Amino acid sequence: MNARTTRTLAAALSLTAALAISGCSSDSGADADAADAKPELTVSGGYMPEPVNDKMAGAFMVIKNGSKTADKLTGVTSPLSDDLQIHETKDQKMQQVRSMDVPANGELKLERGGSHVMFMGLKNTPKVGEKVTVELRFEKSSPIKVELDVKERTYKADNSTAH
Ligand code: CU
């Protein structure tokens, strides 16, 4: 994204983050069945478009759930930033959410223009070809470490075109 988009997105974010947090009281406890069956999650296609600066960066991947137990992505950590958020995109504006569903026998797609992981403030600016490690936290599954490939800014994963 160029500098102007970044500013617009940042403004949109600061507006919506507070709303998203305060409006997020329902903890839909829909775990009626299979409380002890652990979800089986696999992550593929993780990448980060080369950041423009050290202010923010997005990360994308697909999280597949091969079990009949639904899970939730609840947070992300990385050595590259102390502040990682999970964002949804609604009406082309990003908003922070507390968690995202990883449906049973389904997948959570983090893709351009949609839901994504957002690094707020980077300790350095990774270049194309480098790797960034993140750790995904889930409501039920154990944390999963993922190596993100840093890609060209125009890069689009194959999976993001399938609609
Ligand atoms: Cu974002």
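Here are a few worked exercises on this predicted model.

Residues are numbered from 1 along each chain as its sequence is written. Local features need pLDDT of at least 70, side-chain atom pairs count only at pLDDT 80 or more, totals for chains, interfaces and linings use all residues, and side-chain values use heavy atoms, with hydrogens and water left out.

**Exercise 1. Find the protein donors of the copper ion, and name the geometry of its site.**

Start with what counts: donors are N, O and S atoms within 2.8 Å of the metal (3.2 Å for Na, K and Ca), and as water is not among the atoms, sites may look incomplete. Looking around the copper ion, you get H87 (ND1), M94 (SD), H116 (NE2) and M118 (SD), at 2.0 to 2.2 Å.

Next, check the angles. Four donors pass as tetrahedral if all angles lie between 85 and 135 degrees. Here the 4 donor atoms give angles of 94 to 121 degrees, so the site is tetrahedral. For reference, the ideal angle for four tetrahedral donors is 109.5 degrees.

**Exercise 2. Which strands pair with β9?**

Two strands pair if DSSP finds at least two bridges between them. Strand β3 (residues 71-77) runs antiparallel to β9 (residues 131-138) over 4 bridges, with V76 opposite L136. Strand β10 (residues 144-151) is also antiparallel to β9, over 6 bridges, and there E135 faces K145. β9 and β10 make a hairpin with 5 residues between them.

**Exercise 3. Where do D91 and N105 lie, and what is the phi of each?**

D91 sits in the loop between β4 and β5 (93-97), and its phi is near 50 degrees. N105 sits in the loop between β6 (100-102) and β7 (106-110), with a phi of about 45 degrees. Both values are positive, though neither residue is a glycine. Most residues other than glycine have a negative phi. As for accessibility, D91 is exposed at 75%, and N105 is exposed at 58%.

Technical notes: Tetrahedral: all angles 85-135°; square planar, octahedral: opposite > 155°, others 65-115°. Helix = DSSP H or I, 4+ residues; strand = E, 2+ residues; numbered from the N terminus. Buried < 20%, exposed > 50% of the residue type's maximum accessible area, 1.4 Å probe, protein only.
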